[in-house]
Amino acid sequence: MIVHGLTAFNDNYIWLIEQPQHIWVVDPGEAQPVLDWLSQQQRNLSGILITHHHNDHIAGVDQLLAHFPDAAVYAPSSLQKTPVTQGLSDGDTIPIGQENLRVIATPGHTLDHLCFVGQDALFCGDTLFTGGCGRVFEGTADQMAASLARLRNLAPNLTVYCGHEYSLANLNFAILVEPNNQLLTERRIQVNHAYKQQQPIKPNTLQLELDTNPFLRTDKPAIAATIAKRLNTSYQETTIGQQFACLRNWKDELDATGVLEKPF
């Protein structure tokens, strides 16, 4: 499996999965970048994968189907905004050419959110980001925490393909949560340099997220102590939902100020 990244809107990623006889697209919020790539490569579109129903992840589907009417659409079973060839639920398998993708339900950002897991790739939409995670719009903190826990238990060598480019803001927050994490410090410097040079942020492994993403590290002593202090209670008395909500609410407050987005 070869994965190509396209950008859409201000910060969306569209992922193209390339195999010898097949091209699949993940979350085409816009059609034109996909159509341009397919034209340049002289390839046809075999199918479309949708992680959740937000418009910036599905708005390009109808236009793509107008050009490639035989393309299959795999999406959450509840999706009604666009034609769906096969509705998906937790535990389903999607045949992508010579490889299968496993479907994992990850409610929280939305109630219908799904992630797709291959042999060496994780397409996680808006559940997990570089150094962070998605906001909770429809689900609960408990659901989002449980979804992140499911991803945390996947193979650490998976490459993480997320739905948005929020890397610097996420890592600026992460360093506030865990300032003595040396690997996090180094990663933040690298991302900051890439932002200043207007270079793309390359996808990394789930292992790097496990080492640097605070939303996957709430059980680590330094972060546990920070959470307990902010909640004014002992860490042992908190649930994983409360631990997640503590970090997510803290980041939401800082996001509102815009301070986390500034390069240093």
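In what order do the five strands of the open sheet run? They go S7-S8-S9-S10-S13, with mixed pairing. Before you click on, note that this is a predicted model: local features need pLDDT of at least 70, side-chain atom pairs count only at pLDDT 80 or more, and totals for chains, interfaces and linings use all residues. Residues are numbered from 1 along each chain as its sequence is written, and side-chain values use heavy atoms, with hydrogens and water left out.

Select 93-96 and 159-162: these are the edge strands, S7 and S13, each pairing on one side only. (Strands are DSSP runs of E, at least two residues, helices are runs of H or I, at least four, both numbered from the N terminus; strands pair if DSSP finds at least two bridges between them.) From one strand to the next, the twist averages 25°.

Next, grab 121-125, strand S10, which runs parallel to S13 and is joined to it by four bridges. Leu 122 sits opposite Val 160 of S13.

Last stop: 167-177 and 182-196, helices H5 and H6, whose axes come within 10 Å and cross at roughly 150°. That makes H5 roughly antiparallel to H6 (the label for angles over 145 degrees). Among the residues making the contact are Leu 171 and Ile 175 of H5 and Val 191 and Tyr 195 of H6.

How values were computed:
Axes fitted to C-alpha atoms, helices over the stretch in contact; angles between N-to-C directions. Parallel < 35°, antiparallel > 145°, perpendicular 65-115°, else oblique. Contact = heavy atoms within 4.5 Å.
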